[in-house]
Structure formats: C-alpha cells, structure tokens
Amino acid sequence: MSLILKDGSVFLHVPKTGGNWVTTVLDKCGLIAENIGEHKHIDMSQVISITNNSEISMMSRIKQRIGFRIEKPYMFCFVRNPITWYESWFKYMAHPSRDWCNWGNEKSMDSWHPNSILNGLGDSDFNQFARNVINKRPGYVTELFGWYTTPQIDFIGKQETLVDDLISILNHLKLDFDEKLIQSVGKIGVSNKPANKIEWDVELYQEVYKLEYAGMIRYGYADKSPIYK
C-alpha cells in the first residue's frame, strides 16, 4: 500500500529501497493520512488507473483529499544502486524465513507483485541467482524502477542517502515534522548477511553493469559503480 500524506502528497514504495524505514518514519511523525491500494508496492500505473474496488481511480481519491486545488499531487519514491539491489534481494530471499518463496504470479491479473518475475530464480549461490535473472529478464532492476519513476514522479530519492533525502522532501512540502526524530530512527527491514559472503564474479558483474547501464545513468550511479570492480 502506498501512502497519502496529510497534505495529499504520495509516497510510492519501490521494493528493497528503504521503503519500510520511510513508512515507519512518516508514521512516527504523524504524517500519514491513509494507505492507497491493496498492495504494498503499487506502481504508478496502478495509482493512475486501478479502481481499488470502487468506481473512482486512486488518483481521483487523492485529488479529492487535496480538494482538486492542484492538477496532481506531489509524488516521490526511492531507488538504489541497481547492482546492490541484486545483493539486497538475494540476502532477503535467501533468509530461512523466506527461502525463495514465490511472490504473486506473473501470469495472473489478480495476484500482482512487482517481483513475481523473479519467482523460481533463486539459488544458494549469489552469482547463479544473478545469472538466472539476466537470462530471464536482462536489465530487470532498471525496468523495475521505471514502473515507479514515470514522468509523474516529482522526486526520486536514493536509498544510500535516505535520511537526508526524506528530510529534504518534507521540508519542500512544508510539513511539520521532528527532524531529530527522523535522524534517530535506526535501520528497518535490513536483511541479515547470508551464510556465504556475496562476491561477484568479475565477468558477471561487468555484464550486469552493462545491462543496467541505463539505470546507472538515469539514477546517478554510473560514477559510483565502476564497470571493473
């Protein structure tokens, strides 16, 4: 479920980019007005078009909340380095509590999950998992981020600078919040380290980097992830 804040602005939760932390902080600050959608990770297409069991779209509900005083609400989300996204998803799914469970059904209209494409691609070896992903869906992370970072989005923050970016967003929106409280909230939803250390095969790293290069450029990571590790 994405969030509508008290001023009508909207937060979209991209998987594995710090969204659980953002949600916790917004809740602690008393800034959440309501959830939208039936799914934690609804993307922009669903915000715009899915009816959510009513005759009006989510965007219409949002506009009603802000009194139709502006054309569209302020919308924001977070991304992360596409390379580390692979590592984060592996750590999350390799944990015994997940054990590479399936998320939704990529063929179903009623069982949507943004990462259902990755069902069945897990492996105890990180590099094999990454190979499985690029064999099925080359450039997957860039594609995933693109479902959320459409032209309607106003701010794309980074997981790597989560605290500062969220504070910047809330200041821009002129919302009343406790900056020290935000800075005091520790990490949330960080996966435990896997039994075996994640160590990229150099050739695979280079291939994944090239496949995700559009995302590296678009989201400002090209100079932070050298093609030769």
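The largest nonpolar core of this predicted model has 41 residues. A nonpolar core is a set of buried Ala, Val, Leu, Ile, Met, Phe, Trp, Tyr and Cys residues joined through side-chain atoms within 4.5 Å; buried means under 20% relative accessible area, with a 1.4 Å probe and protein chains only. Leu12, Trp85, Tyr86, Tyr140, Phe145 and Trp200 have the most contacts inside this core. Helix 4 supplies its largest share, seven residues. A second, separate core includes Leu3, Phe76, Leu175 and Ile182.

| Core | Residues in core | Among its members |
|---|---|---|
| Largest | 41 residues | Leu12, Trp85, Tyr86 |

In soluble globular proteins, nonpolar side chains tend to be buried together.

Helices are DSSP runs of H or I with at least four residues, numbered from the N terminus. Because 10 of its 13 residues are buried, helix 4 is largely enclosed by the rest of the structure. Its buried residues, which include Trp85 and Tyr86, pack against helix 5 (126-136), helix 6 (140-146), helix 9 (202-211) and helix 10 (213-218).

Tyr140 touches Trp85 and Tyr86, and also residues including Pro114, Val133 and Glu212; contact means heavy atoms within 4.5 Å.

Residues are numbered from 1 along each chain as its sequence is written. Local features need pLDDT of at least 70, side-chain atom pairs count only at pLDDT 80 or more, and totals for chains, interfaces and linings use all residues, while side-chain values use heavy atoms, leaving out hydrogens and water.

Conventions:
Buried < 20%, exposed > 50% of the residue type's maximum accessible area, 1.4 Å probe, protein only. Helix = DSSP H or I, 4+ residues; strand = E, 2+ residues; numbered from the N terminus. Lists of a residue's contacts leave out its neighbours within four places in sequence.
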